[in-house]
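Subject: A structure for you to look at

Hi,

Here is the structure I promised to pass on. Have a look at it first, then read on for what turned up.

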Amino acid sequence: MKVSTKTIFFGIYEMLAGMDIKQGGSVNLTTLRRRWPETRLREEDLDKGLKALQASGFLKLERSIFGDEVQLVNDRFGQIVSEEDKRAHAALAVLRKLRAPIKTAGNPKPGSGRRPGDVRP
């Protein structure tokens, strides 16, 4: 499934908002990469989104004594104002559902008479 740049923007925006990064605030790029799988978007989508947001002036990528940092310059890219924005935001929700981990029944309860790995006849 082809993911639009705007959908990636919303993934980045929601992740930053979830980490309480406000305009002018920064987050370590390593932290951002480590948490990116929570968005359910591909790893390469993060790089694509960061480059586009940097080129648009919404983010700055800078080196600090703590490593590479992503600074939120302007958070308007996270606003939903147009029909395109609504579709992109909805697409992110759909992707999250489609790519969500499969829930398993878990291990059998102790004393259930089955050993892990046993299958029903």
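How many residues does H4 have, and how far does H4 reach from its first C-alpha to its last? H4 has 16 residues and reaches 22 Å, close to the 22 Å expected at 1.5 Å a residue. The expected span here is 1.5 Å times one less than the number of residues in the helix. Helices (H or I, at least four residues) and strands (E, at least two) are DSSP runs, numbered from the N terminus.

A word on ground rules before the rest. This is a predicted model, where local features need pLDDT of at least 70 and side-chain atom pairs count only at pLDDT 80 or more, while totals for chains, interfaces and linings use all residues. Residues are numbered from 1 along each chain as its sequence is written, and side-chain values use heavy atoms, with hydrogens and water left out.

**More on H4**

Which residues of H4 are buried? They are Asp85, Ala88, Leu92 and Leu95. Buried means under 20% relative accessible area, exposed means over 50%, and partly exposed is in between (1.4 Å probe, protein chains only). Seen down the axis of H4, the buried residues fall within an arc of 85°, so they line one face of the helix. That arc is taken from the directions from the helix axis to the C-beta atoms. As background, an α-helix has 3.6 residues a turn, so residues three or four places apart point the same way. The face of H4 turned away from the buried side carries the exposed residues Arg87, Lys97 and Leu98. H1 is included in what covers the buried residues of H4, where contact means heavy atoms within 4.5 Å.

The N-terminal end of H4 has a cap: a side-chain oxygen of Ser82 lies 3.4 Å from the backbone nitrogen of Glu84. For reference, a polar contact is a pair of N or O atoms within 3.5 Å; within protein, one must be able to donate a hydrogen and the other to accept it, and residues adjacent in sequence count only if both atoms are side-chain atoms.

**The aromatic rings**

A search of the whole structure finds three aromatic pairs. Rings of Phe, Tyr and Trp (its six-membered ring) pair if their centres lie within 6.5 Å; planes under 30 degrees apart count as stacked, over 60 as edge-to-face and the rest as tilted. One of the pairs is Phe9 with Phe77: the ring centres are 6.1 Å apart and the planes are at 80°, so the pair is edge-to-face. This pair links distant parts of the chain, with Phe9 in helix H1 and Phe77 in the loop between strand E3 (67-72) and helix H4 (83-98), 68 residues apart. Both Phe9 and Phe77 are buried.

Phe77 also forms an edge-to-face pair with Tyr13, at 5.8 Å centre to centre and 90° between the planes. Here too distant parts of the chain are linked, since Tyr13 sits in H1, 64 residues from Phe77. Is Phe77 buried or exposed? Phe77 is buried, with a relative accessible area of 2%, whereas Tyr13 is partly exposed at 26%. Ring pairs link Phe9, Tyr13, Phe58 and Phe77 into a cluster.

**Charged side chains**

How many salt bridges does the structure hold? There are nine, a salt bridge being a side-chain nitrogen of Lys or Arg within 4 Å of a carboxyl oxygen of Asp or Glu. Among them is Asp20 with Lys22, the closest N and O atoms being 2.7 Å apart. Lys22 is exposed, with a relative accessible area of 55%. Asp20 is in the loop between helix H1 (5-18) and strand E1 (26-28), and its phi is near 60°, a positive value in a residue other than glycine.

Arg40 has a positive phi as well, of about 70°, although it is not a glycine. You'll find Arg40 in the loop between helix H2 (29-35) and helix H3 (43-55).

Another salt bridge joins the side chains of Arg42 and Glu44 (3.6 Å, N to O). Arg42 is partly exposed at 32% relative accessibility, and so is Glu44 at 48%. Salt bridges that share partners join Arg42, Glu44 and Asp45 into one network. Asp45, in helix H3, counts as buried at 2% relative accessibility. Not counting residues up to four places away in sequence, Asp45 touches Val3, Ile8 and Trp36.

Cheers
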